[in-house]
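Here's a quick tour of a protein model for you.

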Amino acid sequence: MNYARRRSGAYRPLAAQSPKATALRRPPVRATPLSRVAAPLPSSATTGRHSTLGHTGCPTLLKAPVASTSRVAAPSSLRPTRQSTPTILAQRSTPHGPTRNVAAPPVAGRVRGAPTATRPPSELSQLKDKLLLLEQELISKTDQLKSKDDQIKMKSELVEMLKDSLESTKIKLETVSMERDTLKDLVTTLKDQLEQQKATIEKEAARSKDLIEQLDEKEAAMRKLHNDVVDLRGQIRVAVRVRPMLKTEEEVSSASIIEYPSTNAISFNQGAKPSGTFTFEKVFTPVFSQQSVFANIEDFILSALHGYNVGLIAFGQTGSGKTHTMRGGEADDEGIIPRTASYLFNESKKLEATGWKFEFSLSFMEIYNNEAFDLLNNHSIVKLRLINHTVSLDGLTEHPLTKQSDMAGLLNVADRNRKTAATKCNEYSSRSHAIYMWKIKAQQRSTGISTSSVLKLVDLAGSERAKESGVVGQQFKEMTNINQSLSVLQKCINMQKAKSTHVPYRDTKLTQVLMDCLGRGNSKTMVVVNINPCNEQAVESKRSIEFAAKMRETHIGSAVQQRDL
Ligand SMILES: Nc1ncnc2c1ncn2[C@@H]1O[C@H](COP(=O)(O)OP(=O)(O)OP(=O)(O)O)[C@@H](O)[C@H]1O
């Protein structure tokens, strides 16, 4: 804008111009033109024109400015004509008063003795343009310098800020490193404490392991003593197993009223009418797994390897878990029957180390509608004959078992042959009594002792009430037979308990087959009474428990080892 004004030729005295314009023009006027001028500048006295000093005190040409370099000859019209020491009249503004014309002091080197050159207007114009360009350049440089200055200022401020920030970061870093050191110390302390606690725990674990082992030993010793007492007394062992509620039952049944006052006791919490507490050899609550149930009875089964007749009978109302307890499912769900096979093989191997040799053979049969059938021989009929208080099973096949893995095949054959029918009470209720018999021959060459014992694992059919089951026709007949055989069984036990001279074992096929287990024989017998946990079945469950209590008091005579003569 300054440039444009100048190009238009509207030159004015600097004092009359805007302060900004004056400021912008100051440097070229003060520095370059005056010091380099070779020819004396024309004064108003010689040229008739006014030369004005701005507030800088430097001369400024009003119309045609003189070239500012010594190399440029001044135009002749501008040469001084009257005096060799020209005086430049300039307007000075004083701080105290208005601007006045003063005689400018002679400028050294500019006027004194300097030749005066006359310059053509075109050259002057060129010079003027050059001067303008230079002024422009100077202004731009000044601006640049100012901006650089600003930048430097900003940068130095930034540097200050960065310094501050660095300082505070340093402080923070020191704090963090102190904290880190503190944490390191803490970690070391905690590690030490952890090590100490580990050592204490290990010590405690070893101690409790010892205690558990001692407890196990004591429990085993107590169980053995108890078994011996039961053997001496010749009683039936009775255990109770309460199954868990099935999912479908949980949805409709309220919390079970069955309670467990101790590890071998059970009671029914019926509010105003408490049932009292029943005590048995063992009470398996719903949390007992198949494996833990077996672990509790394996010693009893071992007696069969030692030459004793052993009978283990699952009893209970329909759907109470008898088949699950005896046969079970696959893998972890395996019941007592398949587990017995692996147990007997393992234990016999141990005894073989002491010179014993064992032979096993299996017979599976079922009693359906008071008839006996061979489960391993196409369901053929088995004839029962009683000879001197001993039952003979004519037609029942015996299957040698030389390796444990053969057991699964035999069980599958028997499963297929078992009669099952659906009823309202239990969808897959088994309708027959299943008896799995092991004949075990043992011989010890060194002593010449040999024994022949029988192990009977019995899964009884479930009792059920005709009214509840709603069965008719063939199933009603089945149910009547089942109930009759079970009621004869109960009668036999009651009479045996009462030491009656006549016990009606002959009345049913089931009681004939179980005769040796229930009294007239030399058998160690255990009954597992299965209980349905649902409150709707509480009456039936209580009836089973009461019968179990009676069985427990039944004297069946002490078992003796079945030595071969
Ligand atoms: N301890 C248990 N854990 C889990 N489920 C069980 C248990 N006992 C029984 N059950 C389940 O309860 C249902 C009835 O059991 P189970 O068939 O063994 O009864 P049951 O007394 O043999 O019946 P029935 O006399 O009519 O043959 C089955 O579905 C079985 O899987």
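Let's start with A548: setting aside neighbours within four places in sequence, A548 is in contact with V238, V240, F280, V527 and V529. Keep in mind that this is a predicted model.

**The nonpolar core**
- The largest nonpolar core has 78 residues.
- Within that core, V240, V527, V529 and A548 touch the most other members.

**The annotated binding site**
- An unreviewed UniProt entry puts a "binding site" at G316, Q317, T318, G319, S320, G321, K322 and T323.
- You'll find S320 in the loop that runs between strand 10 (309-316) and helix 8 (322-326).
- S320 is buried, because 27 other C-beta atoms lie within 10 Å of its own and the cut-off is 20 or more.
- If you skip residues up to four places away in sequence, S320 touches R243, G462, N530, I531 and N532.
- T323, also on the UniProt list, sits in helix 8.
- T323 is buried too, with 25 C-beta neighbours inside 10 Å.

**Helix 9**
- Helix 9 covers residues 336-352, which makes 17 residues.
- What span should you expect for helix 9? At 1.5 Å a residue it should be 24 Å, and the end C-alpha atoms are 23 Å apart, so the two agree.
- The buried residues of helix 9 are I336, I337, P338, T340, A341 and L344.

Conventions: Residues are numbered from 1 along each chain as its sequence is written. This is a predicted model: local features need pLDDT of at least 70, side-chain atom pairs count only at pLDDT 80 or more; totals for chains, interfaces and linings use all residues. UniProt positions are given in the numbering used here, feature names are shortened, and annotations may be inferred rather than shown by experiment. Helices (H or I, at least four residues) and strands (E, at least two) are DSSP runs, numbered from the N terminus. A residue is buried if 20 or more other C-beta atoms lie within 10 Å of its own, exposed if 12 or fewer, and partly exposed in between; C-beta atoms are placed from the backbone. Two residues are in contact if their C-beta atoms, placed from the backbone, lie within 7 Å. The expected span of a helix is 1.5 Å times one less than its number of residues. A nonpolar core is a set of buried Ala, Val, Leu, Ile, Met, Phe, Trp, Tyr and Cys residues joined through C-beta atoms within 7 Å.
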